[in-house]
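Q: I would like to go through this structure with you, beginning with the backbone and then turning to the ligand. Shall we start?

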Amino acid sequence: MPDVIETQLLINNELVPASDNALFDLFSPHTGELVAKVAEATPADVNTAVDAAQAAFPAWSALSPAQRGVPLKKMADLVLAEVDELARLDALAMGKPVGEFPFDATYAATHFNYFAEAAYPQGHTSLNKPGFLNMSLRQPFGVVAIIIPWNAPLIFFSKKVAPAVAAGNCVVVKSSEKAPLTSWKLSQWIAQCGFPPGVINILSGHGHISGQALAEHMKVRALSFTGSMRTGRLIQIAAAQSNLKKLVFELGGKSPALIFEDADLELAAKETENSVNWNSGQTCMANSRIYVHESVEDAFLALFEKFARARRLGDPLATGVNHGPQADKAQSDAVRRYIAIGKKDAQRTIDTTPNDASPSSNLIHPVIFTQVPESSPLTRDEIFGPVVIINSFATEQEAIAKANDTEFGLYAALYTKDLERAMRVGKKLESGMVGVNCTSPTGCWDLPFGGWKGSGVGRESLLESMDHYLEVKTLYVRVGGIGG
Ligand code: NAD
């Protein structure tokens with residue numbers, strides 16, 4: 001059994017306990033053992049962290065972009081140097097297989113490195129008003145709050161913190177109560193990297209306590225959040241009832257994949273299976289609804305089942321495992337409730353669970369449901385587990401209508417060899433991202449990432465993200481002598 005880790009909060013570059021010394025227990029989702037006692041930040045801790053960020057802001061925002069980049073680069077180096085330890089911490093906390101973690105580390109290092117050099121925001125100038133030399137300025141907000149989920153904590157930490165501080169803001173980050181350990185590790189590196197006190201403060205704890213306090217805080221001027229639609233709604237209410245802080249949201253999904261009769265079925269089955277079962281199905285952009293043309297339904301299903309049965313479930317700390325447990329018991333219970341609904345609602349169930357699997361384990365083997373009614377909760381809700389619906393369609397119009405019949409709109413995919421159809425259908429899909437002959441997690445780090453409808457507000461990427469953390473000011477300057 002590993003030593004139990006005890007975490008603290010990072011406020012003003014000091015590692016401190018919660019103001020009331022409260023800790024909560026974090027258990028391994030695989031073994032059930034206690035792995036950490038985690039500091040539960042109080043609203044008073046939130047106030048202290050926000051005050052520290054506010055105090056640090058004038059000096060930090062006055063530095064040159066290159067000066068602000070120096071500690072960001074050191075953070076990138078540390079992430080790459082300590083990838084094994086970071087992988088171990090997420091495996092212990094939320095069950096991500098260590099073999100899958102290098103993606104998270106590369107993503108984070110790229111974002112820290114990129115924003116270390118990219119923070120040269122530009123406004124406009126205008127000579128179009130006679131007698132004036134006008135300009136717009138882009139300036140940091142001050143204190144920015146960042147609230148991240150548990151399914152890829154290091155990725156979300158880096159993609160939000162790096163652009164926010166590069167732009168000159170000071171931040172208060174709240175990690176997820178289900179996966180606080182990689183953020184805890186980064187807390188121990190902030191001073192070592194050379195970030196001045198107060199520039200990055202890191203809290204752990206439950207959303208309804210410290211998350212809520214950040215969302216309603218009057219001194220927090222912008223808040224970037226990745227998580228569920230339900231929490232996004234609560235944060236929007238808190239923002240509206242406090243200071244109307246600027247919000248950036250990356251929320252949930254129920255993403256469709258359309259498989260047309262001329263598709264490369266082997267490729268489509270391989271990639272859609274990976275999309276929905278990767279990270280144990282705990283991915284916002286997972287293609288959890290697949291619509292297959294009726295003429296190739298059986299062939300596609302057979303291929304999909306073959307790939308689903310090849311998943312290597314097991315201990316997330318073991319090499320060779322590519323599918324760990326659900327993040328905790330609450331998650332696996334929720335997924336099993338949906339599986340029970342599916343067994344009633346679907347025409348056919350293909351459950352890949354072996355006979356000797358323990359029903360109390362948080363490891364859930366992929367389950368495939370076919371011909372599920374569009375009205376079923378299985379079709380409508382984000383399940384966040386290795387559960388897929390495979391329904392059929394007869395016409396292109398029917399496929400588009402079914403794909404769009406959802407409150408989500410994060411990532412849609414389509415497989416066809418007909419390029420005209422790909423463009424026509426791609427245009428009609430109500431989705432922030434559309435994959436043509438590819439599906440999630442295929443992406444492109446310098447193009448907008450985000451969702452339509454209830455899947456988000458705003459877009460993040462290497463090129464887009466810094467805009468979220470900059471206010472715009474227009475300066476009108478009367479200079480009568482030059483052209484008035
Ligand atoms: P969640 O909404 O339960 O929690 C996310 C974070 O919000 C946690 O840190 C939590 O403590 C905090 N929180 C909870 N209640 C809060 C409140 N009232 N006020 C402020 N903060 C609060 O989500 P989760 O279960 O951690 O993550 C899974 C969800 O995240 C899924 O819906 C998934 O689709 C979504 N997600 C979206 C993206 C994306 O980029 N679109 C990426 C990853 C995950």
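Q: Where is Asn13 placed?
A: In this predicted model, Asn13 sits in the loop between strand S2 (9-11) and strand S3 (14-16). Its phi is positive, about 65°, although Asn13 is not a glycine.

Q: And Asn437, what is its phi?
A: Asn437 also has a positive phi, of about 55°, and is not a glycine. It belongs to the loop between S19 and S20. Most residues other than glycine have a negative phi.

Q: Which residues does the cis peptide bond join?
A: Ser440 and Pro441, with omega at about 5°. Pro441 is in the loop between strand S19 (433-436) and strand S20 (456-457).

Q: Turning to the ligand, why does it lie between the domains?
A: Domain 1 (5-251 + 455-473) and domain 2 (256-436) both contribute residues to the shell around the ligand, so the ligand lies between them.

Q: How many residues surround it?
A: There are 28, and the closest are Glu177, Ser228, Thr231, Leu251 and Glu382. By class, the shell comprises 13 nonpolar, 11 polar and 4 charged residues.

Q: What lies 2.6 Å from a nitrogen atom of the ligand?
A: That is a backbone N or O atom of Leu251. As for ligand oxygen atoms, one is 2.9 Å from a polar side-chain atom of Lys174, and a polar backbone atom of Gly207 is 3.2 Å from an oxygen atom of the ligand.

Q: How much of the ligand's accessible area does the protein cover?
A: The protein covers 92% of the 850 Å² that the ligand has on its own. The ligand takes up the space of the largest pocket.

How values were computed: Residues are numbered from 1 along each chain as its sequence is written. This is a predicted model: local features need pLDDT of at least 70, side-chain atom pairs count only at pLDDT 80 or more; totals for chains, interfaces and linings use all residues. Side-chain values use heavy atoms; hydrogens and water are left out. A residue is near a molecule or strand if one of its heavy atoms lies within 4 Å of it. A polar contact is a pair of N or O atoms within 3.5 Å; within protein, one must be able to donate a hydrogen and the other to accept it, and residues adjacent in sequence count only if both atoms are side-chain atoms. Accessible areas come from the Shrake-Rupley method with a 1.4 Å probe; for residues, only the protein chains shown count as cover. On a 1 Å grid over the protein atoms alone, a cavity is a set of points where a 1.4 Å probe fits but cannot get out, and a pocket is an open set with protein on both sides within 12 Å along at least five of seven lines; lining residues have an atom within 4 Å of a point. A molecule sits in a cavity or pocket if more than half of its atoms lie within 2 Å of its grid points. Ala, Val, Leu, Ile, Met, Phe, Trp, Tyr, Cys and Pro count as nonpolar, Asp, Glu, Lys and Arg as charged, and the others, Gly among them, as polar. Domain bounds come from an automatic or database domain assignment. Helices (H or I, at least four residues) and strands (E, at least two) are DSSP runs, numbered from the N terminus.
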